[in-house]
Amino acid sequence: MKRLISLGVLALAAVGIATYLHGGIPDFIQRLRYPLRYEAIVRGHARNYDLDPALLAAVIYQESKFHADAKSDSGAIGLMQLLPSTAHGIALHTGGSRFRTSDLYDPEINVRYGAWYLRHLLDKYGDEGTALAAYNAGQENVDRWRADGEGIRFAEPRAYVDRVERLKKIYRKIYKLERASSSIRGTQASAPFAL
């Protein structure tokens, strides 16, 4: 029996090594590294706000690694790391009148507000790279850079955009995340100004 188990483990290891050498890291290993918690919430709000679900998952992973109780030094809260002031504005725009900061720890509310905000940025800027830079560095910074005819001035938002784009490809591949709707609004990958 021990010999059979040992052979099974060796066979699995051989398959894993062969798969890695021929096609990269197997999806089941990638899923351990890049979890997709709250999948129904992510897919549902991606559909509701006409977002690529792989993009939404990538932003959540980059922001909080899917930890609903995450809180940053700057005061951003939850899965999508929303500032309470931003979330309060989103609540008012979406008809909410009883917003409390503690609501941001609720995955459903946090992802709903974050998806709304991401859709707002995509609509405002017309491309994914600029919208992601604004999500990370703030709209005021991006608006100023664009007005000056410059690209992203800070290294952190440039790296953020690159990282989210890589994560989006990973989430699309390992979870088969595809856009549910047929309309594509303002989500081109190219930016109107250099990243």
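**Exercise 1. The pocket lining**

How do the residues of the lining of the largest pocket divide into nonpolar, polar and charged?

*Solution.* Start with the source. This is a predicted model: local features need pLDDT of at least 70, side-chain atom pairs count only at pLDDT 80 or more, and totals for chains, interfaces and linings use all residues. Residues are numbered from 1 along each chain as its sequence is written, and side-chain values use heavy atoms, with hydrogens and water left out.

Next, the term. A pocket is an open set of points on a 1 Å grid over the protein atoms alone, where a 1.4 Å probe fits, with protein on both sides within 12 Å along at least five of seven lines; lining residues have an atom within 4 Å of a point.

Now sort the lining. It holds 20 residues. Nine are nonpolar, eight polar and three charged. Here Ala, Val, Leu, Ile, Met, Phe, Trp, Tyr, Cys and Pro count as nonpolar, Asp, Glu, Lys and Arg as charged, and the others, Gly among them, as polar.

Find the centre. Ala 76, Gln 81, Leu 83, Tyr 135 and Asn 136 lie nearest to it.

**Exercise 2. Helix α7**

*Solution.* First, the element. Helices are DSSP runs (H or I, at least four residues), numbered from the N terminus.

Second, burial. Buried means under 20% relative accessible area, exposed over 50%, partly exposed in between (1.4 Å probe, protein chains only). Leu 132 and Tyr 135 are among the buried residues.

Third, the neighbours. The buried residues of α7 pack against α4, α6 (107–125), α8 and α9 (155–175).

Fourth, the ends. At the start, a side-chain oxygen of Asp 127 comes to within 3.2 Å of the backbone nitrogen of Gly 129. Just after the helix, Gly 138 has a positive phi of about 100 degrees.

**Exercise 3. Two salt bridges**

*Solution.* A salt bridge is a side-chain nitrogen of Lys or Arg within 4 Å of a carboxyl oxygen of Asp or Glu. The structure holds twelve.

Note on methods:
Helices (H or I, at least four residues) and strands (E, at least two) are DSSP runs, numbered from the N terminus. Contact means heavy atoms within 4.5 Å. A polar contact is a pair of N or O atoms within 3.5 Å; within protein, one must be able to donate a hydrogen and the other to accept it, and residues adjacent in sequence count only if both atoms are side-chain atoms.
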